[in-house]
Each structure stands twice: as structure tokens, then as C-alpha cells.
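Have the sequence and the 3D view open as you read, and try to find each residue as it comes up.

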Amino acid sequence: MAEETIFSKIIRHEIPSDIVYQDDMVTAFRDISPKAKVHILIIPNKVIPSVNEIEEEDEKVIGHLFTVARKVAQMEGIAQDGYRLIFNCGKNGGQEVPHLHMHLLGGEQLRGFGF
Ligand code: AMP
């Protein structure tokens, strides 16, 4: 079993967070340090440390992350103007929290990646 992070406490409502969507497979909550007007993290409830640890049996939940991203973008009113979805993986990818998460960024014109 992969080690839990602070995100598991958010999923279980054990620490304060601004959850915008939750079901039996995924949880979506506002990033504590937003990099855009809308910045939401969408994560599997199951601990998958990073893209490197995704197994074939996880394909349903990984696909569900995208369906929920689409729903949350609509709920936030940013679907029409567009948004960006990002997964950071590992040290060089800039991943800080080892619990797989999709960043949903939008609500304004986003700049290039800058690398
Ligand atoms: P990453 O660098 O891809 O691992 O992204 C981790 C993200 O988690 C960062 O954007 C942080 O601001 C965010 N984050 C860390 N702790 C919390 C928290 N307790 N609640 C909400 N977002 C968090």
C-alpha cells in the first residue's frame, strides 16, 4: 500500500479544505496556493503516488478524473473560455505531493509553460 499524504486527510474531511466535488472515486478541491483565478486539484481517493505508479486496474479512475474535470470546469463557469489540465510527475516534473493529482487551471488567459 502506498503511503498516505495530506491529501488523504482532505479526502476524509479530517483537515479543512474547500472541496468543490466528491464521489466514491475522486475528490476535487481548491489549491491552497492558486496559480490562476481558478485552480482546483482533482485526485483519486485511492493513493496512487504519481503517474509512474498507475496500474491497468486504475484506468477507470484515471478516466473519471477527466470527466470530473469537465464537470468542475462547467460548474466554475470556465468551460467555454478554456482551461489547462496538468499532471506533474516526480522531481523533474515539479511534483511536491506524492498523491496523483490533476491541476485544473483557468478563469483567465494562461501564459506559456516558460521552459
Ligand atoms: P504539485 O507541485 O504538482 O505536487 O502540486 C501540489 C499542489 O498541492 C500545489 O499546487 C500546492 O499548492 C497544493 N497543496 C498542498 N497542500 C495543500 C492543501 N492542504 N490544500 C490544498 N492544496 C494544497
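Here's a quick tour of the ligand's surroundings and of a pair of strands.

Keep in mind that this is a predicted model. In it, the ligand sits in the second largest pocket, and 17 residues surround the ligand.

**Who surrounds the ligand**
- The closest residues are Asp 31, Asn 88, Glu 96, His 101 and His 103.
- If you sort the shell by residue type, you get seven nonpolar, six polar and four charged residues.
- Two elements, α1 (6-11) and β2 (26-30), each give at least two residues to that shell.
- Helix α1 has the largest share, with three residues.

**Polar atoms and the ligand's oxygens**
- Asp 31 puts a polar side-chain atom 2.5 Å from an oxygen atom of the ligand.
- Asn 88 also uses its side chain: one of its polar atoms is 2.9 Å from a ligand oxygen.
- With Gly 94, it's a backbone N or O atom that lies 2.9 Å from an oxygen of the ligand.
- How much of the ligand does the protein bury? On its own the ligand exposes 500 Å², and the protein buries 87% of that.

**The strand pair**
- To spot the pairing in the 3D view, look for Tyr 21, which stands opposite Ala 28 in β2.

Conventions:
Residues are numbered from 1 along each chain as its sequence is written. This is a predicted model: local features need pLDDT of at least 70, side-chain atom pairs count only at pLDDT 80 or more; totals for chains, interfaces and linings use all residues. Side-chain values use heavy atoms; hydrogens and water are left out. A residue is near a molecule or strand if one of its heavy atoms lies within 4 Å of it. A polar contact is a pair of N or O atoms within 3.5 Å; within protein, one must be able to donate a hydrogen and the other to accept it, and residues adjacent in sequence count only if both atoms are side-chain atoms. Accessible areas come from the Shrake-Rupley method with a 1.4 Å probe; for residues, only the protein chains shown count as cover. On a 1 Å grid over the protein atoms alone, a cavity is a set of points where a 1.4 Å probe fits but cannot get out, and a pocket is an open set with protein on both sides within 12 Å along at least five of seven lines; lining residues have an atom within 4 Å of a point. A molecule sits in a cavity or pocket if more than half of its atoms lie within 2 Å of its grid points. Helices (H or I, at least four residues) and strands (E, at least two) are DSSP runs, numbered from the N terminus. Ala, Val, Leu, Ile, Met, Phe, Trp, Tyr, Cys and Pro count as nonpolar, Asp, Glu, Lys and Arg as charged, and the others, Gly among them, as polar. Two strands pair if DSSP finds at least two bridges between them.
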